[in-house]
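Hi,

Here is the structure I promised to pass on. Have a look at it first, and my notes on what turned up follow below.

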Amino acid sequence: MNFHIMTLFPEMIEHSLSTSILGRAMMKGLISFEAINIRDYSNDDKHHKVDDYTYGGGAGMLMQAQPIYDCYNAIIEKINQTRNEVVAENGENGLGGLPGAKRPRVVYVTPQGAVFNQQMAADFAKEEDLIFLCGHYEGVDERVLEEVVTDYVSIGDYVLTGGELPAMVMIDAISRLVPGVLNNDESAMTESFNNNLLEYPQYSRPEEWMGKKVPAILLSGDHKKVDEWRLEQSIIRTKERRPDLYEKWLAENPPKPEKKKRKRKKANPESISTADDTDNND
Ligand code: ADE
């Protein structure tokens, strides 16, 4: 998967994304990042200006349409060139790089967008190329947004000074869902937000720390029981910390109607004991 980031601060992106897990994934050729400086596409040869005053008045400067549009076209040209080379090399057809091919999604990171979540990350992770546009100053001329942007995405209801941090947050969340990026595929399967549940509590050695014991069930070796306990804890944790998510989970997992002659009680969020009040912590 290839990320192309249109920004006024390419060094900010390049430093951050080339470390740790993403750096390793990049070395393995699973993902690539390219931060493109919008300023390089300014028509103003002297000052490389990319912003100007807002028509109708108002505080601050606006990023102009032309440098962004030219930057975008340069990225598209490069993507198509790369794809055509692959097509020529492999003798394949239909890779999507030929004229009239599918346009890559272009994400404009903005507090005016839909709020990013795990489902969106999974959806974006299916793309082969993804373009991000990082805004600055007071925003971007609407006309270029209309022309190139496919997705308006925010990372939350607060305003940051620019789009680079939000873009990096999204790129991190998307990259780790690209197959092969995480060592242990399972960790992407069971973690928080899958099925609208938060992840269950986890423990490592020692078995007792500061008088707190690891719940006995986790030492039992009974995998079925451990799975049941973890699901219960996920439900409790979600209900306590994220009632909004809990409601979503409940809507998708309505309680089964009680059978009259039941031998064993099924997990019921109302009656489950929390990790803190299990008798393993006494
Ligand atoms: N740019 C500034 N604030 C932002 C936010 N909350 N999300 C995405 N982009 C932004």
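**Ligand contacts**

Ser 154 has a polar side-chain atom that sits 3.5 Å from a nitrogen atom of the ligand. Before you read on, do keep in mind that this is a predicted model.

Tyr 158 places a backbone N or O atom 2.7 Å from a nitrogen atom of the ligand. Leu 160 also uses a backbone N or O atom, in this case 2.9 Å from a ligand nitrogen. As for cover, the ligand taken alone exposes 260 Å², and the protein buries 96% of that.

**The shell around the ligand**

If you want to set up a selection, the residues around the ligand are these:

- Val 109, Thr 110 and Pro 111
- Val 153, Ser 154, Ile 155 and Gly 156
- Tyr 158, Val 159, Leu 160 and Gly 162
- Pro 166

What is the make-up of this shell by class? It has 8 nonpolar and 4 polar residues, and no charged ones. Two strands, E5 (105-115) and E7 (151-154), each supply at least two residues of the shell. The largest share comes from E5, with 3 residues.

**A helix pair**

Next, have a look at helix H1 (residues 10-17) and helix H6 (residues 164-175). Their axes come within 10 Å and cross at roughly 30°. Angles under 35 degrees count as roughly parallel, and H1 and H6 are therefore roughly parallel to each other. The crossing in which H1 passes H6 is right-handed.

- Which peptide bond is cis? The one from Arg 205 to Pro 206, where omega is near 5°. Pro 206 belongs to the loop between helix H7 (185-190) and strand E8 (208-209).
- Ser 20 has a positive phi, about 55°, although it is not a glycine. You will find Ser 20 in helix H2 (residues 20-27).

That's what I have for now.

Cheers

Methods:
Residues numbered from 1 in each chain as written. Predicted model: local features only at pLDDT ≥ 70, side-chain atom pairs only at ≥ 80, totals over all residues. Heavy atoms only, no water. Near = heavy atom within 4 Å. Polar contact = N/O pair within 3.5 Å; in protein donor to acceptor, adjacent residues only side chain to side chain. Areas by Shrake-Rupley, 256 points an atom, 1.4 Å probe, with all protein chains shown as cover. Helix = DSSP H or I, 4+ residues; strand = E, 2+ residues; numbered from the N terminus. Nonpolar A, V, L, I, M, F, W, Y, C, P; charged D, E, K, R; others polar. Axes fitted to C-alpha atoms, helices over the stretch in contact; angles between N-to-C directions. Parallel < 35°, antiparallel > 145°, perpendicular 65-115°, else oblique. Left-handed = near helix turned anticlockwise from the far one by under 90°.
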